[in-house]
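Trainee: I am new to this structure. Please show it to me, and then I will ask how the terms apply.

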Amino acid sequence: MSELADTIREVIEREPVAIFMKGNLRFVMCGNSDRALGALRALGAPIAAVDVLPDPRIRQELSALSGWPTIPQVFVGGELVGGADIVDELAESGELRDTLRARLGDDYATGEERTVDLLAPAR
Amino acid sequence: MDATAPTLQELLERAFPDATELAVHDRTGGGDHFQVVLTSPRFVGLSLVDQHRLVYGALAGPLADGTIHELRIRTKGTA
């Protein structure tokens with residue numbers, strides 16, 4: 001297990017809501033990442049965003065860990081909720097809010113957003 | 001790349017012979033952005049994540065070799 005894989009696993013386990021996406025919170029580089037991010041924002045979810053674009057190894061290691069081949073990937077409470085299509089579908093049906101409440105508690109909606117840089121030398 | 005769409009269709013037909021609805025749309029006409037709509041009794045009782053995992057599994061080849069640049073999936077279970 002590489003150090004990068006360990007770091008990715010830590011982020012997934014530590015962050016209430018982690019989204020691995022193309023681009024960052026200010027400049028989203030992909031329509032699907034934008035859809036997933038938008039659905040989370042609409043519910044006021046706390047968001048920790050990881051940009052997979054700076055290094056192709058991030059995506060490789062992430063997909064190896066999650067068994068999910070595409071980006072974005074959204075994790076809530078350490079568990080994969082899905083990619084953009086699932087997050088969209090769950091947001092429409094109200095189940096995304098239910099999942100956030102069930103895994104993070106009724107007062108989950110802090111709306112806090114931050115960027116996690118996996119490649120930063122000091123963590 | 002014109003043969004890509006029928007190939008995805010074939011892969012899915014093979015993996016889901018009991019599908020009651022199966023459609024593959026080439027969203028951009030470029031042969032690399034696809035929308036899959038699939039209804040199968042195999043999805044009954046599975047979470048959406050597990051349903052999509054089955055679709056990804058059926059399309060592992062074209063996903064790995066880069067034929068599929070983007071894939072949208074809509075799945076439903078039928079009893």
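Trainee: Which residues in α2(A) meet which residues in α4(A)?

Mentor: A:N32, A:R35, A:A36, A:A39 and A:A42 in α2(A) meet A:A84, A:V87, A:D88 and A:A91 in α4(A). To meet is to be in contact: C-beta atoms, placed from the backbone, lie within 7 Å. This is a predicted model, where local features need pLDDT of at least 70, side-chain atom pairs count only at pLDDT 80 or more, and totals for chains, interfaces and linings use all residues. Residues are numbered from 1 along each chain as its sequence is written, and chains are lettered from A in the order in which they are written.

Trainee: Why are α2(A) and α4(A) called roughly parallel?

Mentor: They pack at an angle of about 30°, with their axes 8 Å apart. Angles under 35 degrees count as roughly parallel, so α2(A) and α4(A) are roughly parallel to each other.

Trainee: What makes chain B as compact as a globular protein of that length?

Mentor: Its radius of gyration is 12 Å, close to the 12 Å that the globule rule gives for 79 residues, so chain B is as compact as a globular protein of that length. The radius is taken over C-alpha atoms, and the rule is 2.2 Å times the number of residues to the power 0.38.

Trainee: How many residues of chain A are in contact with chain B?

Mentor: Nine residues of chain A are in contact with 11 residues of chain B. The largest share of that side of chain A, three residues, comes from α4(A).

Trainee: In what order do the elements of chain B run?

Mentor: From the N terminus on, they run α-β-β-α-α-β. Helices (H or I, at least four residues) and strands (E, at least two) are DSSP runs.

Notes. Contact = placed C-beta atoms within 7 Å. Axes fitted to C-alpha atoms, helices over the stretch in contact; angles between N-to-C directions. Parallel < 35°, antiparallel > 145°, perpendicular 65-115°, else oblique.
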